[in-house]
Each structure stands twice: as C-alpha cells, then as structure tokens.
Amino acid sequence: MDYVLLVEQFLNGFQLGIILFLMAAGLTLVFGIMDLVNLAHGSLFMIGAFVGGTLVIVTDSFLLGFLLMIPAMLVIGIAVELVALRTLYPRDHLDHVLATFGLILFFNEATRLTWGPEGLIVPLPAFLDGSVAIGLGITYPVYRLVIIALGLAVAFGLWVLVARTRIGMLIRAGASNRTMAGALGVNIPVLFSIVFGIGAVLAGVAGLIITPITQAAIGMGEDVLILAFVVIVIGGIGSIRGAFIAAILTGVIDTMGRSFLDVFLLLFLPENAAESAGPALSSMLIYVLMAAILFFRPQGLFPPRGAG
Amino acid sequence: MTALRNPANAFTAIVLVLFAIVPFAAPAIGEPFYVIVFARIMVWAIAAVSLNLIMGYGGLISFGHAVYLGIGGYTVGILAFHGINSAWVQWPVAIGLCAAISAVFGAISLRTRGVYFIMITLALAQMIFFLSVSAEYYGSDDGLNIFQRSDFGVPGFSLEDNLTMYYTILALLLGCVFVSWRLVNSRFGAVIRAAKSNNTRVLAVGVSTFRYRLTAFVFAGVMCGIAGLLQANLERFVSPDMMNWPRSGELIFMVVLGGMSTLFGPVTGAFVFLMLSEILAGITIHWHIIFGPFLVLVVLFARGGIAGLLSPRSARE
Amino acid sequence: MFRKLMGTAAALTLLATPSLADSIKIGFVTTLTTPAAIIGKDMKDAVDLAVESMGGKMGNLDVEIVYGDDEFNSQKGKQATERLVLSDNVDIVAGYIWSNVLLASAPVVLGADKILISANAGPSPLAGAQCHKNYFNVSWQNDQTPMALGELLNQQGVKSLYLIAPNYAAGQNMVAGVERTFKGTVVGKDMTVWPSQRDWSAELSKVKAAKPEGIFTFYPGPAGPAFIKQYQQAGLEGQVPLYSVYTLDSISLPLFQKAGMETVLGTKMTQFWAPDLDFPQNKKFVADFRAKYGRYPSFYAAQAYDSIFSIKSAVEAVGGDLKNVDGMRAAMRKADFPSVRGPFKMGNNHHPIQNFYERTVVKDADGNWTTAVGRVVLKDHQDPYASQCKMAG
C-alpha cells in the first residue's frame, strides 16, 4: 500500500468533508432553530456558486469575489426568507416540503434563464491553480488545501459565533425553547431572518469554493443536499459539533471507498464481478453507514447534550 | 346520488366515467392517443393512492416512494429478460420484493422524524436508483425492453390485448382504492391517523405506533409495486428514470393536488397533474416555470387540494 | 383533444381556399426543456437549416416538421412519440438523443409500420438482435467512436491506460468500446457515480500513483470542464496525455475558451465527423450554420442535418408517393444522399459503415477554439453488432 496515495486520499476525503460540513451546519441551524424543512437549501448552494462565480469573473479577483459574495448571500437569504418562507412557519411540514420543492424548480429555471443551461466556469488565479509539494514526496493541488483551510476557518468562526457571542446565545436559546425565548423578549422573527441569512451564507460559501473545481451547474445543490442530511443524521440532529465530525467521517469513508474498495473486492471476487460491484457498492457505502447508525444508535453519534 | 351534488364527488365521478369510456370514446373522435395517456394516468393514480396511505392519512412524507415503481417494474423486466414471462411468477416475486425492501427501508427511516425522515427515505431510494444505473447487464439507464407482457396462461385473457391491459389497470386501480378505504376505516387505520395528529398521545395509550406505521409503510410499498409492474407491462419498458427522486416529488404533488386523506383525491390529483402537464407542454416550452409557482400557490391557498376547493363549505373539515 | 378541435375548425375554414400542395409531415423528437435542451436546440437549429436549404420542399412535397419534447425522460419521450404517430399522424419519425428514450419509443413507430431514423442514439440492441427493417441510424453505433479511440491509442504507441468514465450506459459503452480495440494494458478503471459525482480527487490521485501513459475519459455536458479542470489541478497536464470522446465539442469548447483553459488545446479524440471535414455538403452546412446562428455546429447538429437529407433522398426516390414505404426503405438503405461526412454505406443492420478520424483541439484562423481533423483511424468501420442482426440488408 502506497503511503503517498493513502495520505492523498485522506486529504481528499477531509476536503470533501469540509464542504459537507458547511452545508450541514447551515441546515442544522435552520432546522434546529426554525423547525423549517427547507429543500431549497441546495438552491442556495447553487446560487452562491453562480452569483459568487459571476462576482469573481467581474472583479477578476477570487478573493474580492468571495468577500463580496458573503453580503450578497446574506441579502438573498433574508429576501427569500421574508418573501417566500415567512408564511410557512405556522404551517405543517408537508407544506414546507411542497413550497420549497416548488422553489427549487423556480430557482433552477431562473438560473437557466439568467446564465444559460451550460453552467458557469469560474477561473482561478494561476498561483492557486496547480499542485504544490507538501513534504514526504507528496504533491497536492493548492486549491484543495485552500478549501481545507477556509473550511476550518469558517468552522472556527461558527463555533465562536454560536458559543461566544450574544447572537449565538440567542440562537442557542431559540433552539432550546423558542416560546420561552420569545416570552423573554427575544425578537423571534428578526432572529429567524438572521439565522436563515447565516445558513444562506454558509451554503453560498460551500457553493462558491467548490465551483473552481467542479464548475457551477444547474441542479448542483440537490446531490450535496442529500449527503448533508445524511451527515446530520449520522452526527446527531441539532449538534454542530456532531455535524463536523460526521462530515469529516463521511467524506473520508466515501473517498476511501472509491479509492480502495475495488482493490479490496479483487481479493475474493473474479475481476469482472469486482469491476461492476466496486462502483455500485462504493456509491452505497455512505447510505449503509447511515442505516447502521440509525439502527444501533438512532440519536446519532454525538447528539447535543440534553437531547434524546 | 345526493353525494354527487358535492362538486368534489361529481368531479371524481366524471374522472372515473372518463376512465371507463375512453377506450371507446377516444378512437370514436379520432384520438386513439388518449387511450394510452389515460392508461398511464391510471397507473400513476395507483402509485398516488399508495402514497396517500402513508402520507395523507399517516402524515409520513416519503420522498422516495417512486422507488417501488422501479422495484415492481424491474422485477418484471429482469424476469422477462431471463425468459420468465409467467405472471404467476413475476407478480408474486415483485410484490414479495417490495414488501421486503419497504420493510427494511421503513424500519430504518421510521427511526427519524420530520425533515430527517423525508431525506432518509430519499437517500435510500437514491441508493436503489444508483444500483440500477450501475447494472450494466440489465441495460443500466438505457433500460430494458419487455417483449412479452405478463402471461397468465388463461385462454381468452391476455395482457397483449391493449383493451384487456387497460381494463386490468382500471380494475386494479379500483381494487387499490377499495383496499385503501377498508384499511383507513379499520382499527389499524384509526391508529395511523391518530398517530399523525398526536403521536405522543397514542404512545401514552400503550400502542406501538412504530409497528403500525411500519405495516402501513409495507402496504404502501406493495401497492406502489403493483403500479410498477403494471407500468412495465403497459410501456413494455423499464428504466431507472422511472424511480428517481423527481418522480417521488411528482407523486407527492399529485396526492396534495387531489386532496390528502381523501379516498379519491390521489386519483383526481394524478389526473389533473398529468393532463395539465400534457396540455401546458403543447402551449409553451417554458411551462416548467409556470408549473413550479402554480404548485406552490396550490399549497399556500388551496388547502385540501381539489377536493377541498370543490367541496361546499359545510363538507370541509 | 383541444388541438384536434382547433385543427378541425382550421381545416373547415381552409376548404374555401384552393387545395394545398401535398406535404410530408416529419416528427422530430428531441430535448427541448431541462438543461439538456442545449443539445436539442442544436439539433432543432440544424433541422430548420436543412429544411430552409432545400427550399422547404422534398421533391414536390411541402415539408412540415413537428417537434416533440422528450423532457429528458423515457416515459415522456414515448408519450411525445405516441402523440406524433397517433395524434399528429406524421409520415416519418426522426431524432432521439438518448438511448433510453429511443428504446422505449421505437416499438411505437415500428409497430405503426413507419420509418424511424435515429439522429443520435445508437444503442446496441437496435444494431443487433432488435434490428428492424424500418429503423435506420444516420449517426453511429455507441461502441464505434470509443473503438476508434482505442485504435488511435495503439497508433500513438500508448502501452498503459487509465480509464475514468461515468457509471451509466453511455459511460459503460465508451469504456467497453475502448477495451475492445486497445492492445495495451489497462492499469486502472474507475466508473464514477453519475450524474452526482463532480469531484474526482480520489480517482485522479489513483492515476498519479499508477503513472499510466495515457488517460481516457468521457464526461459529457458540464461535467467535462469540471473533470479537465481537476486533471490540470492535479498536475497531470503534461505528465499523462488526455484522450477523450464526446467531452470536448462545439458546445463545450466555447466555454473552455471563455475560461482560458488552455489545457485542452492539443488533446485528441476520435469521431466520424468534424466541422472541417472536406466534403462539399459539409462545407456548405458549416458555413450556413455559422452564418445563421453565429456558432460552430456540433456533431448532434450534423447528424440531424443528415437525417433530413436522407429523408429527402427517400422521398425523391419514390416520386413523392409516401405510401410506397418499401421504396423509401430501399432508398434509405442505399444512403445515396449528400452527407456531411462524405459518401458512406449502410450496413445490413441499417447502421453507417464509415470512417473515424483523429481530431485535435486547435485554434482556428479567427482565434476560436475548435477541432481539426487528422488522419483516418478506422476506415469503413462497421459496428460489432451487425452480425447479430438477422436482416440480410
């Protein structure tokens, strides 16, 4: 077993986990505090990619585009919340599902009309575009290292926000007992808008930072969304710490599965069978993991304290 | 007959009468095309009725329900591929597989609630979808042609005859509605509906809602599997795109459109949804951008769907 | 039904006017909605151009094209086909981008004893065991293009190869095709989840470890640019040459150019057609297409264009007598029409026996990125399923 390959695949998995965490964190916030089923969160991921990508192209600077995207997503998120989602709070979950599903169709079509069906290619400055030697004889794409660094920074910032600031305290209070928090004078509607805005920014960040690698495409949010929910369930609903650990775990397992499962299968299956079973099984690996966790520990790996 | 004065029931009656006479009426006005369209609508109606069991009455929003269309359909497809055309083998195997898989998926998903339940049903269904796409031997996403419809070996009754196929679907649709009616109005159904409105209370009374819900889940999966094997026979074709998540989303909309937790709601919902798609597609290419907001508006302003819209105020809850 | 009533009303009003010339109604099924509509648009543009360039007439018949939208869904595609055959009563059906839509819809057309022409999809069942006297393919059989690529690899002296493709029918076909003809060693093969997997970090790391002499890929649509980007970022550019099919074409190259992704310049692929193929019909087609639409046509457009001209040859062969289906079939079988790929023959299974060329991505005289055709890799190549087709010809 080549250790270079092993380290590389671990980094790949870690980086995938970072993206999943950014999506999962936003979802956990929104659902935990607002009790809102938002299927259109994936659309926010896509909008972040397209809007952010356009800002990068227009300002000809990745950093500037990225920084401008954050307030843009905040505004877009709050606008979506005020216009489309506010009427849904008192309604039951099915209404949320249907309304936000309709939103997905709308956003996909609107994106297609604005940017065309072929998607958006977001360029990177040359110094971010190649590979770099990171010691031990391993070269790794620079930009993926940037993603890991950025993701960890955002995770840290989120932790500071939730655990150490006044807004974070309000968020935790609202998550714990919304009615009581409202009775104590917390302006719940404003809090909801802020929380949704933060969720939108997180989704936008995830969308934009992955775009120079995968390109912006219509419907790109839906697949990430499903994985993000799987991550939350594995980690424990309502727990951001659980979401982080579960995201990294999911990313690493998925990547390792894709890398080494076919080799593993070749040990006891004929080549033909291993070749067709490999990809099929590795695509199912994460779901099997989730099923196992739901079966043996339904509350997730790291449920928030006091839950259960 | 006084029940027909209720516009919702009258609409249902019209739809059912249309189903019954289209094989003769459509060719008579020179539009044999609509016979196939209606047959298709009836198959989707069966799937919608099955979803209504768990979603309408049980409050369980399954976003992966279309997977059972695929399981039922592919069982027929794969067995036919290997030369097994007997309905007496194909249909029980399809039903058995759907029962087994829905039991497993239900056991996993029902351990979660709310949005997590929704997404987990979706995730599990996608897993089967990916499996079928990676199955190169069975056509992957090219699909499988089915050259011979399920053979019952009964002289004089052959699904190869399009008229027989059509009325078999209609008969099974009515049968499924009947089963749905009996289930919902039984003690079993009472538990399911009670659990929808207040799960804790039912648990407090000492009834294990998990087991009841799981059973309902299996019933729904089997019924949808029946829709799947009918679809495979009708189209003489199965492919993975019969069971991907947009299909599940469309099923949810059909049930809501028609009026949830009403007996014929899913039938009228499927009818309106599919006829509207067909008509709108003939008017403009960009009908998706109209349809999306339209569905959202239905949700926001037409609670109870078509049944709700059409019922006189006194009949609404 | 509504349309039928309106049609009846219109017909009644027209009774007052002098009778119209006879016409031929061609149903063309393609994708007009969903993101995949970008391909459908190319085909529709080509069909409209073809009809225009023949003055709207085939022989002495007026040409009417009725488009059907498959919405990228096999059941909807089948319904669109049924509408064309049963409701609109078209004389011939053509089109079909996707193999699953074609396989689902073919029985509808063939069962009504009408001629069906595929302008893109080339699934093996219809080339082999399910071949039909009324079915004609004017594009290629799915295995042929990658078989040509395998041969190109042999000619380039590539001894070890890594394959990365999406794990669905088209991807599986491409990989199988390459493996049929490639004589070297396959050092790695990764079939990725389609369409959701857009990050190939794990697979590209394996390529780096395996150090092959070439990498073969097939990623259509927006996934193509994503893959190429990551290939470049992984440092494989210049280390492991990239060979592809259906990943870089007239639809995606402008996007690469806009993003300045020079990695693709110089990469090689194979195909039966290129915009610069030197045949009179092709020169006219490409020039007219660029003049009218301001862009290069894709191979989808080229095939759609050919499908209309093939129908014209059939109509002229029977002197406009559309009831003479046998005559039209014979004419289609001869493939005696001016094709953008040059003269070619039809095999016994009604699939083209044609050349496959090496194509390289280059900048043209105006600075636009396009492909330049090179040597013939496979001459007069017939698909490997022809022997499974029981038709003599």
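Trainee: How much area is buried between chain C and chain B?
Mentor: Good place to start, and keep in mind that this is a predicted model. The two chains meet through 32 residues of chain C and 32 residues of chain B. Carbon and sulfur atoms give 50% of the area buried between chain C and chain B, which is about 3000 Å².

Trainee: Which element gives the largest share of the side of chain C that touches chain B?
Mentor: Let's begin with the contacts themselves: between chain C and chain B there are 17 residue pairs in polar contact, both at pLDDT 80 or more. On the chain C side, the elements that give two or more residues are helix H1 (2-14), helix H3 (74-87), helix H4 (99-111) and helix H7 (169-181). The largest share, 8 residues, comes from H3(C).

Trainee: Which side chain of chain B meets Lys78(C) in a salt bridge?
Mentor: The interface of chain C and chain B has 3 salt bridges. In a salt bridge, a side-chain nitrogen of Lys or Arg lies within 4 Å of a carboxyl oxygen of Asp or Glu. For Lys78(C) the N to O distance is 2.7 Å, and the partner is Glu235(B).

Trainee: How many residues of chain C are in contact with chain A?
Mentor: Now we move to the interface of chain A and chain C, which buries about 2800 Å², 53% of it on carbon and sulfur atoms. In chain A, the residues that lose the most area to chain C are Glu118(A), Ile121(A) and Arg258(A), together 21% of what that side buries. Chain A brings 35 residues into contact, and the number from chain C is 31.

Trainee: Which residue of chain C meets the side chain of Glu8(A) in a salt bridge?
Mentor: Between chain A and chain C the count is 3 salt bridges. One of the pairs has an N to O distance of 3.5 Å, and there the side chain of Glu8(A) meets that of Lys208(C).

Trainee: Which element gives the most to the side of chain A that touches chain C?
Mentor: Across this interface, 15 residue pairs are in polar contact, both residues at pLDDT 80 or more. Elements of chain A that give two or more residues to this side include strand S2 (139-141), helix H8 (188-214) and helix H10 (240-266). By class, the residues on this side are 14 nonpolar, 11 polar and 10 charged. The element that gives the most, with 5 residues, is H1(A).

Trainee: What is the radius of gyration of chain C?
Mentor: Picture the chain first: it has 13 helices and 14 strands. For 393 residues the globule rule gives 21 Å, and chain C comes close to that, so it is as compact as a globular protein of that length, with a radius of gyration of 22 Å.

Trainee: And chain B, what radius of gyration does it have?
Mentor: Chain B has 13 helices and 2 strands. Its C-alpha trace spans about 55 × 45 × 45 Å along the principal axes. With 317 residues, a compact globule would have a radius near 20 Å, and chain B agrees with 19 Å.

Trainee: What percentage of the residues in chain B are buried?
Mentor: Here, buried means under 20% relative accessible area. By that cut-off, the buried part of the 317 residues in chain B is 60%.

Trainee: Is Arg211(B) buried or exposed?
Mentor: Find Arg211(B) in helix H9 (residues 209-235) of chain B. Arg211(B) is 104 residues from Ala107(B) in sequence, yet their C-alpha atoms are 9.0 Å apart in space. The cut-off for exposed is over 50% relative accessible area. Since Arg211(B) has 60% relative accessibility, it counts as exposed.

Trainee: Is Gln215(A) buried or exposed?
Mentor: Look in the loop between H8 and helix H9 (220-235) of chain A. Gln215(A) has a positive phi, near 70°, and is not a glycine. Most residues other than glycine have a negative phi. With a relative accessible area of 2%, Gln215(A) is buried.

Trainee: What is the relative accessible area of Asp113(C)?
Mentor: Asp113(C) is in the loop between H4 and strand S5 (115-118) of chain C. Its phi is positive, about 55°, although Asp113(C) is not a glycine. Asp113(C) is partly exposed, and its relative accessible area is 40%.

How values were computed: Residues numbered from 1 in each chain as written. Chains lettered and ligands numbered in written order. Heavy atoms only, no water. Contact = heavy atoms within 4.5 Å. Buried area = accessible area lost by both parts, 1.4 Å probe. Polar contact = N/O pair within 3.5 Å; in protein donor to acceptor, adjacent residues only side chain to side chain. Helix = DSSP H or I, 4+ residues; strand = E, 2+ residues; numbered from the N terminus. Nonpolar A, V, L, I, M, F, W, Y, C, P; charged D, E, K, R; others polar. Rg over C-alpha atoms; globule rule 2.2 N^0.38 Å. Buried < 20%, exposed > 50% of the residue type's maximum accessible area, 1.4 Å probe, protein only.
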